[in-house]
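Me: I am new to this structure. Could you take me through it in short steps?

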Amino acid sequence: TLKDVGGEVDVLSIDGAFSLYLPVLKLIEPRLTPGAVILGENAFAQDYLDYVRTPANGYFSRSLDIDEGRGNEFTVRVG
């Protein structure tokens, strides 16, 4: 399950129900390595975007201009 992924996570792709993006990230967050890359595909959930775009939460995040309008969010764990 996502509660115990069995090790560190350096790459995470989140895709699915928009309302679950932030809860999924928070489940995996303790396992994310510094520099871990996260791709939120179709990341339209405002709570998720607000969280990863707030530097105090330990992330650097930007919308990707590839396939504009799809809501692809590229995030790096910096803390």
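Me: Which pattern does the protein follow along the sequence?
Reply: This is a predicted model. Its secondary structure comes to two helices and four strands. Read along the sequence, the pattern is β-α-β-α-β-β.

Me: What radius of gyration does the protein have, and what would a compact globule have?
Reply: The C-alpha trace spans about 35 × 25 × 20 Å along its principal axes. With 79 residues, a compact globule would have a radius of gyration near 12 Å. The protein agrees with that, at 12 Å.

Me: How much of the accessible surface belongs to carbon and sulfur atoms?
Reply: Buried residues make up 37% of the 79 residues. The accessible surface comes to about 4800 Å². Of that surface, the share of carbon and sulfur atoms is 56%.

Me: What share of the contacts with a separation of 6 or more comes from residues 24 or more positions apart?
Reply: Take the contacts in the protein with a separation of 6 or more. Some of them join residues 24 or more positions apart. Their share is 54%.

Me: Where do the buried residues of H1 sit around the axis?
Reply: The buried residues of H1 are Tyr21, Leu22, Leu25 and Ile28. They cover an arc of only 130° around the axis, so they share one side. An α-helix has 3.6 residues a turn, so residues three or four places apart point the same way.

Me: Which elements are included in what covers the buried residues of H1?
Reply: Helix H1 runs over residues 21-28. Its buried residues include Leu22 and Ile28. Their cover includes S1, S2, H2 and S3.

Me: Is Leu22 buried or exposed, and which residues does it touch?
Reply: Leu22 lies in helix H1. Its relative accessible area is 12%, under the 20% cut-off, so Leu22 is buried. Phe74 is 52 residues away along the chain, and the two C-alpha atoms are separated by 14 Å. Leaving aside neighbours within four places in sequence, Leu22 is in contact with Asp47, Tyr48 and Tyr51.

Me: Which residues does Ile28 touch, not counting those up to four places away in sequence?
Reply: Ile28 lies in helix H1. Its relative accessibility is 2%, so Ile28 counts as buried. Not counting residues up to four places away, its contacts are Leu2, Val5, Val9 and Leu12.

Me: How far apart in space are Ile28 and Val5, C-alpha to C-alpha?
Reply: Val5 is found in the segment before strand S1, while Ile28 lies in H1. In sequence the two are 23 residues apart. In space, C-alpha to C-alpha, the separation is 7.9 Å.

Me: Which residues form a nonpolar patch on the surface?
Reply: Val5 has a relative accessible area of 35%, so Val5 is partly exposed. A patch takes residues with over 30% relative accessible area. The members have about 220 Å² of accessible area together. They are Leu2, Val5 and Leu27.

Me: Which residue forms a salt bridge with Arg77?
Reply: The structure holds two salt bridges. One of them puts the closest N and O atoms of Arg77 and its partner 3.8 Å apart. The pair links distant parts of the chain, with Arg77 in strand S4 and the partner 48 residues away, in the loop between H1 and strand S2. That partner is Glu29.

Me: Are Arg77 and Glu29 buried or exposed?
Reply: Under 20% relative accessible area a residue is called buried. Arg77 has 13% relative accessibility, and Glu29 has 15%. Both therefore count as buried.

Me: Which residue meets Glu73 in a salt bridge?
Reply: The N to O distance is 2.8 Å. The pair links distant parts of the chain, 20 residues apart: Glu73 in strand S4, the partner in the loop between helix H2 and strand S3. The partner is Arg53.

Me: Which residues is Thr33 in contact with, leaving aside neighbours within four places in sequence?
Reply: Thr33 is found in strand S2. At 13% relative accessibility, Thr33 counts as buried. With those neighbours left aside, its contacts are Glu8, Val9, Asp10 and Arg77.

Conventions. Residues numbered from 1 in each chain as written. Predicted model: local features only at pLDDT ≥ 70, side-chain atom pairs only at ≥ 80, totals over all residues. Heavy atoms only, no water. Patch = residues over 30% accessible without salt bridge, like charges linked within 9 Å, V, L, I, M, F, W, Y side chains within 5 Å. Areas by Shrake-Rupley, 256 points an atom, 1.4 Å probe, with all protein chains shown as cover. Salt bridge = Lys/Arg side-chain N within 4 Å of Asp/Glu carboxyl O. Buried < 20%, exposed > 50% of the residue type's maximum accessible area, 1.4 Å probe, protein only. Rg over C-alpha atoms; globule rule 2.2 N^0.38 Å. Contact = heavy atoms within 4.5 Å. Arc of directions from axis to C-beta.
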